[in-house]
Amino acid sequence: MSELDDLIAKGLIEAVESDGPMAEQWISDARRHLEAAQAIQTMDPSGAYVLAYDAARKALAAALLMIGHRVRSRPGSHQALAQYAKVLARETGEPALEQFDRLRRERNRSEYGSRSFGKAEVSEAIRSAGSIVEACARQT
Amino acid sequence: MLAELFVFAQQPLSLSQLAQRTGTSMGGVHKEVERLERSGLVISKTSGRSRLVEPNRSSPVYTELRSLLTKSMGPEPLLREALASIGGIHEAFIFGSWADPDQMAPHDIDLMVIGDPDPGQVYNVVSAVEAEVGRPINVVLRSEDEWAGTAGAFERAVRSRPRIQLV
């Protein structure tokens with residue numbers, strides 16, 4: 001059983017019809033989020049972080065949609081995407097994808113008031129999310 | 001085995017979990033647990049068919065022993081060594097529950113790094129330590145100016161709570 005099959009067996013990911021145009025749309029949305037994140041990072045660091053994270057999340061969803069899958073909409077769906085990011089990192093040899101789980105965790109912690117973001121963290125998050133988006137774009 | 005029980009365990013461990021985590025035979029674990037229990041350092045209780053072992057928190061040496069084991073075998077020495085290889089770090093410390101001696105080993109570790117190191121490098125060395133200690137490490141990065149100049153709710157909480165200084 002492949003690692004992706006394992007995520008499907010656990011009910012985290014489900015099969016849907018592959019949709020290239022939609023995947024491309026999500027990739028271009030993700031690129032626009034990154035540009036916006038860059039533009040607002042000084043004014044609103046945590047907003048920029050959330051946007052960068054969302055860009056990476058959409059790009060991963062696009063890569064998954066290309067192969068005819070999506071994460072199931074239920075609690076833990078972002079975590080399921082993080083597991084898929086690790087699978088995809090190994091399959092494609094794109095180490096940038098390994099960074100997704102860190103972005104997810106830190107974004108979660110900021111949502112619950114457990115942290116705030118410094119400038120260097122935000123620009124690094126935008127850079128990492130950018131690498132994730134481009135790695136996913138190469139899959140679509 | 002003491003480090004597994006006193007530093008890393010988030011709940012009581014069965015003998016087979018201890019054997020697995022320490023790479024010791026069940027016979028060896030059994031003998032060691034007997035000895036530690038006789039000396040009052042650990043306690044155990046039976047749950048179903050398992051015997052669950054945990055530190056004896058009312059032992060007079062519990063606090064000192066846990067602190068000694070954490071300093072020598074926990075994430076502290078690993079992080080100190082990992083961060084020493086990176087330039088630009090003015091200060092680094094563990095904060096949050098992990099730094100609080102009154103709390104049981106929490107699920108994750110909060111690390112503050114102050115200075116202007118390359119963030120990618122910090123995340124890389126920290127993720128190697130994460131793999132070694134088997135729990136997530138949350139890194140918070142601040143420049144010296146940001147740390148000195150900001151006083152939001154998060155920063156105030158970090159400043160007022162216990163910390164373990166690394167750099």
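Between chain B and chain A, nine residue pairs are in polar contact, both residues at pLDDT 80 or more. A polar contact is a pair of N or O atoms within 3.5 Å; within protein, one must be able to donate a hydrogen and the other to accept it, and residues adjacent in sequence count only if both atoms are side-chain atoms. This is a predicted model, where local features need pLDDT of at least 70, side-chain atom pairs need 80 or more, and totals for chains, interfaces and linings use all residues. Residues are numbered from 1 along each chain as written, chains are lettered from A, and side-chain values use heavy atoms, without hydrogens or water.

The rule finds three salt bridges across this interface (side-chain nitrogen of Lys or Arg within 4 Å of a carboxyl oxygen of Asp or Glu). One of them joins B:Arg142 to A:Glu121, with the closest N and O atoms 2.8 Å apart.

Helices (H or I, at least four residues) and strands (E, at least two) are DSSP runs, numbered from the N terminus.

S6(B) gives the most, six residues.

In chain B, an open four-stranded sheet runs S6-S5-S4-S7, with mixed pairing (strands pair if DSSP finds at least two bridges between them). S6 and S7 (164-165) of chain B are edge strands with a single partner strand each, so one side of each has no neighbour in the sheet.
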